[in-house]
Amino acid sequence: MDAFFASIEQRDFPHLRGIPLAVGNGGERGVVAAASYEARRYGVHSAMSSRAALARCPQLVFTPARFEVYREVSRTIMDIFHEYTDKVEPLSLDEAYLDVTVNHRNMPSATLIAREIKQRIRRETGLTASAGVSVNKFLAKVASDYDKPDGLKVVTDREAEEFVASLRIEQFWGVGRVTADKMHRLGIHTGADLRARSEAELIHRFGKVGHLYYLNARGIDYREVVSERIRKSVGSEVTFASDIDDRQELLRQLAVVGEEVWRRAGRRDFYGRTVTLKIKFADFRQITRSRTAEGFITEYNRFRDMASELFDAVDLQGEQVRLIGLSVSNPADIESPEYRQLEIEFPEE
């Protein structure tokens, strides 16, 4: 994601748009958690002290972090990823690797998938994302930072060697400021310079990580995308082309979303007890309403009725609705493990 925390604040609060913005504590001992692109032009970046940030940009505006909001947006984005592949490896709230070699949409092109995901994120969250598409983790990670914001960089297998050779050493993932300074003292400034060094020298100079530098300089990365996610819910949502305030039309859209949720749940043999309704208004304000059944929801009619009851209980007050979504959660094997009393036979005395 592009300047994730700061972009959410600028999305939700129009008076913060277009100005140098830092998320964090602006006090004497405060630290910048995230900086908008307007602030980055002055050299302000995350993990910088607030004092140093203000010295570089006196007009910098601080706003407190809202991590619950960031986590909610992150969940929306991760759910989008899982609609395309189960092989999703999150690195943080706003970044993940996806292996789309085999994908749920049977799309033949990773580039087309990346473009579609970027469009989905923009439509459903109002935020921009940048994507890197390549044959391994290292190349994809570097490519994702190559053309921010709202970038899409593709590095094919044939382009990998030239691409890596042209990189500044600071662009290598895992090369921080201290390591970059050390490399500069050794005359290593680019990927081409790094490639010219032997594996033995790099290991001698940098320890075990030198082996990784040796491989990366050649565009090699054998790591697989590792997903450890245990599915806790199945959901779907729709962002409308134009905002809707007609209740009957919203009910029709709710039915369409409900059918999609049930289809996905059936495909995964997923049954839960909790149904959650999500409504996002035109100003991006969001509400959720949930109801938990006594037993597991195994029939579509029951799921549909619970969703309708949740919607009927919401007073929209004529507000424009941007998005509507449904999910089913609280599955047996995660939230509600079943325990059985053991029967033990004792010998008669």
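User: Two strands pair if DSSP finds at least two bridges between them. In what order do the 4 strands of the antiparallel open sheet stand?

Analyst: This is a predicted model: local features need pLDDT of at least 70, side-chain atom pairs count only at pLDDT 80 or more, and totals for chains, interfaces and linings use all residues. Residues are numbered from 1 along each chain as its sequence is written, and side-chain values rest on heavy atoms, with hydrogens and water left out. Strands (E, at least two residues) and helices (H or I, at least four) are DSSP runs, numbered from the N terminus. The pairing is antiparallel and the sheet is open, with the order β8-β11-β9-β10.

User: Which strands stand at the edges of this sheet?

Analyst: An edge strand here has a single partner, so one side of it is left without a neighbour in the sheet. From one strand to the next, the twist averages 10°; angles run from 0 to 180 degrees between N-to-C directions, and axes are lines fitted to C-alpha atoms, for helices over the stretch in contact. The edge strands are β8 and β10 (286-292).

User: How many bridges join β8 to β11?

Analyst: The two strands run antiparallel. I244 has V321 in β11 as its bridge partner, and T239 stands opposite L323 in β11. The number of bridges joining β8 to β11 is 8.

User: How many residues of β11 are buried?

Analyst: Buried means under 20% relative accessible area, exposed means over 50%, and partly exposed lies in between (1.4 Å probe, protein chains only). β11 is largely enclosed by the rest of the structure, because its buried residues number 9 of the 9.

User: At about what angle to β9 does α13 run?

Analyst: α13 lies across β9, β10 and β11. Its angle to β9 is about 40°.

User: About what angle separates helices α1 and α4?

Analyst: Two packed helices are described by the angle between their axes and the distance between the axes. For α1 (residues 4-12) and α4 (residues 67-82), the axes are 10 Å apart. The pair is therefore roughly perpendicular (65 to 115 degrees; under 35 is roughly parallel, over 145 roughly antiparallel, the rest oblique). The packing angle is about 100°.

User: How many residues of the contact of α1 with α4 are nonpolar?

Analyst: Contact means heavy atoms within 4.5 Å. F4, F5, I8, E9, R11 and D12 in α1 meet F67, V69, Y70, V73, S74 and I77 in α4. Ala, Val, Leu, Ile, Met, Phe, Trp, Tyr, Cys and Pro count as nonpolar, Asp, Glu, Lys and Arg as charged, and the others, Gly among them, as polar. Beside 1 polar and 3 charged residues, the nonpolar ones number 8.

User: Which residues does V69 touch, not counting residues up to four places away in sequence?

Analyst: V69 is found in helix α4. At 25% relative accessibility, this residue counts as partly exposed. Beyond four places in sequence, V69 touches I8 and D12.
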